[in-house]
Amino acid sequence: MLGSIPQTWRPVRNSKSNVSLASQNSTTTTLNGSANPNGSSTSGYFRYSATNPGVCNDAFGTRAPSSGGLGLGAGLLAVAYSQTISGLLPGTTYYFCAIAANGVGTSFGGIRSFTTPPAIPAVST
């Protein structure tokens, strides 16, 4: 059809970021995101840092997973994905975003933040 874009040419869309506080402790948490693959094979991942980047991009902080991504398929509806991260510092605010990419393009979710709880006090006798 003239003037229409085939479904496979459309980039991934609607990346969303979220953090799962239920599984959070002072050094570990689970990041949650969702993205619509929009008909093209898509991978999802996250970026996070203790420094606020202002906007989500593929250069700030640490990537999780460190390479590749979580397979989101090639459907037409949003797919949820998550990644546990560890090695966090207690009592620290972190900034993160969800990112999804396919052969057509990359979509960035909004910046979100969470603060890890303080560490349990150490006692010696």
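**Exercise 1. The hairpin of β7 and β8**

Task: Determine how many residues lie between β7 and β8 in their hairpin, and describe how these strands are joined.

Solution. Step 1: Strands are DSSP runs of E with at least two residues, numbered from the N terminus, while helices are runs of H or I with at least four residues. Step 2: Three residues lie between β7 and β8, which form a hairpin. Step 3: β8 covers residues 106-108 and runs antiparallel to β7, with three bridges joining the two; strands count as paired if DSSP finds at least two bridges between them. Step 4: Within this pairing, A100 stands opposite S107 in β8.

The model is predicted: local features need pLDDT of at least 70 and side-chain atom pairs count only at pLDDT 80 or more, whereas totals for chains, interfaces and linings use all residues. Residues are numbered from 1 along each chain as its sequence is written, and side-chain values use heavy atoms, with hydrogens and water left out.

**Exercise 2. The surroundings of β7**

Task: Identify the other strands that pair with β7, and explain why β7 is described as largely enclosed.

Solution. Step 1: β3, which spans residues 42-49, pairs with β7 in the antiparallel sense over eight bridges. In this pairing, F46 stands opposite A98 in β7. Step 2: β9 also pairs with β7 in the antiparallel sense, over four bridges. Step 3: A residue is buried under 20% relative accessible area, exposed over 50%, and partly exposed in between (1.4 Å probe, protein chains only). Step 4: β7 comprises residues 93-102, and seven of its ten residues are buried, so the strand is largely enclosed by the rest of the structure.

**Exercise 3. T115 and its partner**

Task: Locate T115, name its bridge partner, and decide whether T115 is buried or partly exposed.

Solution. Step 1: T115 belongs to strand β9, residues 112-115. Step 2: The bridge partner of T115 is T93. Step 3: The side chains of T115 and T93 also make a polar contact at 2.8 Å. Such a contact is a pair of N or O atoms within 3.5 Å; within protein, one must be able to donate a hydrogen and the other to accept it, and residues adjacent in sequence count only if both atoms are side-chain atoms. Step 4: T115 and Y94 are 21 residues apart in sequence, yet their C-alpha atoms are 6.1 Å apart in space. Step 5: The relative accessibility of T115 is 44%, so T115 counts as partly exposed.

**Exercise 4. The disulfide**

Task: Find which residues the disulfide joins, and state which parts of the chain this pair ties together.

Solution. Step 1: A disulfide is taken as a pair of cysteine sulfur atoms within 2.5 Å, and a search of the whole structure finds one. Step 2: C56 and C97 are joined, with an S to S distance of 2.0 Å. Step 3: C56 lies in the loop between β3 and β4 (62-64) and C97 in strand β7, so the link ties together parts that are 41 residues apart in sequence. Step 4: The link of C56 and C97 is right-handed, with 65° about the S-S bond. Step 5: C56 is buried at 11% relative accessibility, and C97 is buried at 0%.

**Exercise 5. The salt bridge**

Solution. Step 1: A salt bridge requires a side-chain nitrogen of Lys or Arg within 4 Å of a carboxyl oxygen of Asp or Glu. Step 2: The structure holds one. Step 4: D58 is in the loop between β3 and β4 and R47 is in strand β3, eleven residues apart.
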